[in-house]
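Look over the sequence and the structure first.

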Amino acid sequence: MQITRQADYAVRTVLYLAGVENGGRAPTSKIAQLQRIPASFLAKIVSQLSVAGIVQTSRGARGGVTLAREARDITLLHVVEAIDGPITLNECVTDPSMCAFGDKCAVHNVWCRAQMDLVAQLSQSDFATLATAQRAGDAQERLACDQPTFPSSGSTVPGAPVAGGPSAHHRRTR
């Protein structure tokens with residue numbers, strides 16, 4: 001599973017707005033420039049975030065975009081799902097009848113646990129905390145996510161696809 005570029009841009013947009021002093025407004029042109037998002041693409045993203053109740057927009061000379069609620073009340077999960085829809089690692093997680101092996105599937109529980117872990121991590125990551133860390137320059141040490149590892153040993157999985165690499169079998173398309 002890989003979030004779309006649109007969801008990544010939405011996360012950057014909300015993180016930027018979470019860092020604006022006193023919940024102030026920011027012009028979309030400034031967000032687009034500073035976050036390196038094509039302006040026309042940003043307009044679509046802001047519209048979706050507005051429909052989801054994450055941002056508010058206003059037109060005019062003093063217009064712009066602001067968060068619709070406190071940054072601490074907005075999570076990565078809210079933003080990703082507002083853009084990409086519900087997170088689903090495999091269709092059998094939400095509809096077990098989609099699995100040809102039914103109750104005998106050895107991987108179903110792994111998919112379910114992995115999805116629950118991902119959803120939990122995203123729902124625990126709020127934008128007030130992320131903005132505070134960004135302002136302080138306290139971004140956590142960047143994890144090396146390019147090689148899957150076995151948690152207990154730290155050894156890499158031979159022949160495993162690189163994270164973010166092609167995986168046509170489980171990639172969700174939009």
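Which helices do the buried residues of H4 pack against?

## Helix H4

They pack against helix H1 (5-18), helix H3 (39-51), helix H6 (108-123) and helix H7 (127-136). Helices here are DSSP runs (H or I, at least four residues), strands are E runs of at least two, and both are numbered from the N terminus. Buried means under 20% relative accessible area (1.4 Å probe, protein chains only).

H4 spans residues 76-84, and its buried residues are Leu76, Leu77, Val79, Val80, Ile83 and Asp84. They lie on the same side of H4 because they cover an arc of only 165° around the axis, taken from the directions from the helix axis to the C-beta atoms. Just after H4, Gly85 has a positive phi of about 85°.

## About the model

This is a predicted model: local features need pLDDT of at least 70, side-chain atom pairs count only at pLDDT 80 or more, and totals for chains, interfaces and linings use all residues. Residues are numbered from 1 along each chain as its sequence is written, and side-chain values use heavy atoms, without hydrogens and water.

## The hairpin

Strands E1 (residues 55-58) and E2 pair in the antiparallel sense over 4 bridges; pairing takes at least two DSSP bridges. Val55 stands opposite Leu67 in E2. The two strands form a hairpin with 5 residues between them. In the turn, Gly60 has a positive phi of about 105°.

E2 (residues 64-67) is covered on both faces. Gly64 and Thr66 are buried on one side, Val65 and Leu67 on the other.

Key:
Buried < 20%, exposed > 50% of the residue type's maximum accessible area, 1.4 Å probe, protein only. Contact = heavy atoms within 4.5 Å.
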